[in-house]
Amino acid sequence: MNSKVTFKSAISGVEFSENEKVLGNSIRIPILNIIKEEHPDFDSNQFIADSELNVYREKYISKFLQTEVEELSVLHKNVIKSLSNKSFVNKVEDKVDNRTYGQVIADKVAAFGGSWTFIIAFFVFIAIWIGSNVFLLLNKGFDPYPFILLNLILSCIAALQAPVIMMSQNRQEEKDRERAKKDYMINLKSELEIRMLDEKLDHLIMHQQQELIEIQKVQIEMMNDILEKIKK
C-alpha cells in the first residue's frame with residue numbers, strides 16, 4: 001500500500017502534500033522578502049506550501065494598497081476580504097426599495113415633470129385656460145388678460161416643482177456615488193486578481209523549468225553511465 005508523499009514546510013513545520021511544494025527560489029522577490037521578514041531563517045532553497053504562499057500573496061497586496069493610498073480604506077479591506085474568501089463584490093443593483101413616502105412622491109413628480117406627457121398636458125391646460133377666457137368669456141371671465149391668476153398658478157407650480165425635483169436628483173446622486181464606489185471595487189479586485197494570476201503563472205513557469213532541468217540532469221547522468229559502460 002503506497003503512502004502519500006509529503007514534505008515539511010520550512011516556515012511552519014507542518015507536513016503538506018508533495019503537489020503543494022513551492023521552492024523559495026520560484027517565489028516573487030517582494031513576496032519572498034515579506035516571508036523573510038517574518039521568518040529570517042527561511043532560505044530560498046527551502047520549501048513552503050502553496051496555501052501558505054497564498055497568505056503571503058494577500059499580505060503583499062495589502063502592503064501594496066497601503067503604500068499606494070497610505071492607509072487601507074473600508075473599500076480596500078472589503079476587496080481584500082473578497083479575494084481571500086473567493087467571494088464576489090456585490091453587483092451594482094438597486095437594493096430592496098426602502099424609500100420613504102416623501103421620496104416616492106418626489107421620484108414620481110420628477111419622472112412626470114420630465115416627460116412629454118407633462119409638457120403636452122401643460123400646453124393643453126394653458127391653451128384651454130387662455131381660450132376660455134379670451135374667446136368664450138370675451139376677456140371678461142375669471143382671469144382676463146394679462147392672466148394674472150394663470151401666472152400665479154404657474155409660479156406656484158414652478159416654486160413647488162423645483163425643490164421636489166432637486167430632492168429626487170439628490171437621491172439619484174447618492175445612488176450614482178454608490179454605483180461608482182462598487183465599480184471601483186470591482187475594477188480594483190479585477191486588477192489584483194490579474195496581478196495574482198500573473199504571479200501564479202510565473203511560479204508555474206519557474207516550476208516547469210526546474211522540472212525540465214532535473215529531467216535533463218537525469219538524462220545527462222544516464223548518458224554518462226552509458227558512455228562509461230561503452231568505454232569499459
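This is a predicted model: local features need pLDDT of at least 70, side-chain atom pairs count only at pLDDT 80 or more; totals for chains, interfaces and linings use all residues.
View 1. The rule covers rings of Phe, Tyr and Trp (its six-membered ring) with centres within 6.5 Å; planes under 30 degrees apart are called stacked, over 60 edge-to-face, and the rest tilted. Two numbers describe a pair of aromatic rings: the distance of the centres and the angle of the planes.

**View 2. Phe125 and Trp129 make a tilted pair.** Their ring centres sit 5.7 Å apart, with 55° between the planes. Both belong to helix α5 (residues 116-136), and because they are 4 residues apart there, about one helical turn separates them. Helices here are DSSP runs of H or I with at least four residues, strands are E runs of at least two, and numbering starts from the N terminus. Trp129 is buried at 11% relative accessible area, while Phe125, at 33%, is partly exposed. For the cut-offs, buried is under 20%, exposed is over 50%, and partly exposed is in between (1.4 Å probe, protein chains only).

View 3. Tyr145 is out in the open as an exposed residue, at 61%, whereas Phe147 counts as buried, at 10%.

**View 4. Three Phe rings and one Lys over a ring.** Phe112, Phe118 and Phe122 gather in one aromatic cluster. Elsewhere, Lys21 lies over the face of Phe47, 4.5 Å from the ring centre. To count as over a ring, NZ of Lys or CZ of Arg must be within 6 Å of the ring centre and within 35 degrees of the ring normal.

**View 5. The largest nonpolar core.** This core has 11 residues, among them Ile11, Val22, Phe42 and Tyr56. Helices α1 (29-38) and α2 (50-69) each supply at least two of its residues, and α1 gives the most, with 4. A nonpolar core means buried Ala, Val, Leu, Ile, Met, Phe, Trp, Tyr and Cys residues joined through side-chain atoms within 4.5 Å.

**View 6. The whole chain, for orientation.** The protein has 6 helices and 4 strands, running β-β-β-α-β-α-α-α-α-α from the N terminus. Of its 232 residues, 24% count as buried.

**Notes.** Residues are numbered from 1 along each chain as its sequence is written. Local features need pLDDT of at least 70 and side-chain atom pairs 80 or more, while totals for chains, interfaces and linings use all residues; side-chain values use heavy atoms, leaving out hydrogens and water.
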